[in-house]
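Dear colleague,

I am handing over the structure we spoke about, and would be grateful if you could look through it alongside the notes below.

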Amino acid sequence: MLFEPSTLALVTGASRGIGRACAIDLAAEGCEVLVGFNSGEDAAKEVVAAIEGAGGRARAVQVDVADERSVKSLFREIRKEHGRLDVCVNNAGIAEDGFLMMMSSRKFTSVVQTNLMGTFYCCRDALKLMAHQGSGSIVNISSASGIAGMEGQANYSASKGGIIAFTKSLAREAAGQGVRANVVAPGFIETDMTRAVPPHLIALYTSVVPLRRVGQPEEVAYMVSFLASSKASYMTGKVVVIDGGLVIG
Ligand code: NAP
């Protein structure tokens with residue numbers, strides 16, 4: 001097991017996809033997990049049941065990361081119920097793709113509000129708890145689009161690039177308080193978010209990826225658990241890209 005039994009982890013957007021896989025893997029590695037959901041309460045309860053069925057500990061918690069008050073209310077509850085937080089995985093995110101010349105300001109700001117502001121709200125409150133206890137690990141989920149950019153994703157790429165720069169600053173600020181912060185930047189991972197991508201574009205992608213396939217949520221989760229754990233105790237401010245080798249060098 002990577003974690004001590006007293007380790008408490010929060011994963012936002014854990015009702016589905018990558019967040020779900022992160023919650024399940026962190027629990028398998030010994031964490032008690034707060035399974036964050038926004039609208040998918042039933043799905044989050046299913047994740048909790050899967051964790052408990054495997055002998056782990058978990059509880060579903062509602063939070064809309066785009067809403068500062070909702071985040072504050074969740075962290076108030078965590079402080080009251082547990083008095084600590086050891087691992088915070090900021091995974092909740094949305095995409096609303098469209099070409100830049102046609103992109104409304106609403107579409108741009110809604111993606112930035114959820115992905116970047118949501119990460120900021122959660123990190124700020126997580127850091128207060130972690131700094132107080134003198135330890136903790138934050139893992140923020142960015143994207144390969146946040147590094148290289150992507151056609152039709154100016155809003156999403158801006159939010160994900162922002163998460164990288166934000167986390168580097170956070171890592172510098174928090175190191176003195178015993179808190180580490182790193183980024184995982186996945187390439188194409190098979191989830192609801194990528195379900196609508198047409199088959200010919202998936203074929204194009206897999207033809208240029210050295211590993212010749214898309215990724216699975218678990219392949220992101222294993223890295224998240226490692227970075228969150230003390231096995232990564234000398235890593236902070238780093239960006240780990242999980243993209244099947246799409247960008248090498
Ligand atoms: P997904 O299957 O669409 O799941 C999104 C998750 O985020 C859901 O659990 C959803 O919760 C939650 N969420 C959305 N808006 C929220 C909000 N305002 N507050 C709280 N939770 C919210 O997405 P995914 O593919 O697993 O993506 C997870 C993360 O990885 C995202 O940050 C995404 O940008 C990033 N990523 C994904 C890929 C990929 O190829 N899939 C690649 C790079 C990066 P509810 O269902 O409960 O509302």
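What follows covers the ligand and its surroundings, and then the packing of some helices.

This is a predicted model, in which local features need pLDDT of at least 70 and side-chain atom pairs count only at pLDDT 80 or more, while totals for chains, interfaces and linings use all residues. Residues are numbered from 1 along each chain as its sequence is written, and side-chain values use heavy atoms, with hydrogens and water left out.

The ligand has 32 residues around it, of which S39, N91, Y156, K160 and T191 come nearest; a residue is counted here if one of its heavy atoms lies within 4 Å of the ligand. By class, the shell divides into 14 nonpolar, 14 polar and 4 charged residues, where Ala, Val, Leu, Ile, Met, Phe, Trp, Tyr, Cys and Pro count as nonpolar, Asp, Glu, Lys and Arg as charged, and the others, Gly among them, as polar.

Among the polar contacts (pairs of N or O atoms within 3.5 Å), a polar side-chain atom of S39 lies 2.8 Å from an oxygen atom of the ligand, and a polar backbone atom of G40 is 2.8 Å from an oxygen atom of the ligand. For T191, an N or O atom in the side chain is 2.5 Å from a ligand oxygen atom. The protein covers 94% of the 900 Å² of accessible area that the ligand has on its own, as given by the Shrake-Rupley method with a 1.4 Å probe. Two or more residues of the shell come from each of the elements α1 (17–28) and α6 (154–174); helices here are DSSP runs (H or I, at least four residues), numbered from the N terminus.

As for the helix packing, the axes are lines fitted to C-alpha atoms over the stretch in contact, with angles from 0 to 180 degrees between N-to-C directions. The axes of α4 (residues 105–133) and α6 come within 8 Å and cross at roughly 15 degrees, so α4 and α6 are roughly parallel to each other (angles under 35 degrees). The axes of α3 (residues 68–81) and α4 come within 9 Å and cross at roughly 25 degrees, and α3 and α4 are therefore also roughly parallel to each other.

Key: A polar contact is a pair of N or O atoms within 3.5 Å; within protein, one must be able to donate a hydrogen and the other to accept it, and residues adjacent in sequence count only if both atoms are side-chain atoms. Angles under 35 degrees count as roughly parallel, over 145 as roughly antiparallel, 65 to 115 as roughly perpendicular and the rest as oblique.
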